[in-house]
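Here are my notes on the model you sent.

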Amino acid sequence: MSYIGLGPRSTTAAKDQTGRNTGNLTSAFTPAVLGFHVSQYECYHMVVTAVPPGTSGQIYLNASQWGFTFPDSGTEWDPSQPMILNSGMELDVLWNISATAPPSLPIVTAWFRYDNTIPGNA
């Protein structure tokens, strides 16, 4: 494998637009936010900050639940098995925070990379 970094992308939680978290905040890494032009890549690190205490977030990859987080103001994620994404996929964190007058807006920063030996990534 020969990984090439795609750099970090950040998103601040906003009123849910996915339809899976109505009335609450969602951090959405849409294809437009990601903007990568490779066929397959991976998320290998994530950091969440500005999260109100007692908050939880459900992590979705292309509308399927992938995991969860229970941060206490912030947390960091370094998986042993990175999250694999294909071009056009969406990564979302659905927060249990009401979109009306939230105490703060969580910020999610994720780092991405790709293997240039995979066909379609060269």
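1. In E7, which residue is the bridge partner of Thr49? The partner is Gly74. The two strands concerned, E4 and E7 (residues 74–77), pair in the antiparallel sense over four bridges. Strands pair here if DSSP finds at least two bridges between them. The strands themselves (E, at least two residues) are DSSP runs numbered from the N terminus, as are helices (H or I, at least four residues).

2. On provenance, this is a predicted model, in which local features need pLDDT of at least 70 and side-chain atom pairs count only at pLDDT 80 or more, while totals for chains, interfaces and linings use all residues. Residues are numbered from 1 along each chain as its sequence is written, and side-chain values use heavy atoms, with hydrogens and water left out.

3. Four bridges join E4 to E8, and the two run antiparallel; Tyr41 has Leu85 as its bridge partner in E8. With E10, E4 pairs in the antiparallel sense over seven bridges. Along that pairing, Val48 has Val108 as its bridge partner, and Glu42 stands opposite Arg113.

4. Strand E10 also pairs with strand E1 (residues 3–12), through nine bridges and in an antiparallel arrangement. Here Thr11 stands opposite Val108. Val108 is also the bridge partner of Val48.

5. An open sheet is formed by five strands in the order E2-E3-E9-E5-E6, with antiparallel pairing. Its edge strands are E2 and E6 (64–69), each of which pairs on one side only. Within this sheet, E3 and E9 run antiparallel and are joined by five bridges; one of the residues involved is Asn24, whose bridge partner in E9 is Ser98.

6. The structure holds two salt bridges, a salt bridge being a side-chain nitrogen of Lys or Arg within 4 Å of a carboxyl oxygen of Asp or Glu. One of them joins the side chains of Arg20 and Asp92, at 2.9 Å from N to O. Arg20 lies in the loop between strand E2 (14–15) and E3, and Asp92 in strand E9, so this pair ties together parts that are 72 residues apart in sequence. Asp92 is buried, at 1% relative accessible area, whereas Arg20 is partly exposed at 32%. (Buried means under 20% relative accessible area, exposed over 50%, and partly exposed in between, with a 1.4 Å probe and protein chains only.)

7. Arg113 and Glu42 form a salt bridge as well, with the closest N and O atoms 2.6 Å apart. Since Arg113 belongs to strand E10 and Glu42 to strand E4, the pair ties together parts that are 71 residues apart in sequence. Glu42 is buried, with a relative accessible area of 6%, and Arg113 is partly exposed, with 21%.

8. Both arginines also sit over rings. Arg20 lies over the face of Tyr60, at 5.0 Å from the ring centre, and Arg113 over the face of Tyr3, at 4.2 Å. The criterion is NZ of Lys or CZ of Arg within 6 Å of the ring centre and within 35 degrees of the ring normal.

9. There are six aromatic pairs in the structure. Among them is Phe36 with Tyr41, edge-to-face at 4.9 Å centre to centre and 75° between the planes. (Rings of Phe, Tyr and Trp, the last by its six-membered ring, pair if their centres lie within 6.5 Å; planes under 30 degrees apart count as stacked, over 60 as edge-to-face and the rest as tilted.) Phe36 is buried at 11% relative accessible area, and Tyr41 is buried at 4%.

10. What is the size of the largest nonpolar core, and which residues have the most contacts inside it? This core has 24 residues, and those with the most contacts are Tyr41, Leu85, Leu91, Trp95 and Phe112. A nonpolar core is a set of buried Ala, Val, Leu, Ile, Met, Phe, Trp, Tyr and Cys residues joined through side-chain atoms within 4.5 Å. The elements giving two or more residues to it are strands E3 (24–29), E4 (40–49), E5 (57–61), E8 (83–86), E9 (91–98) and E10 (107–115). In soluble globular proteins, nonpolar side chains tend to be buried together.
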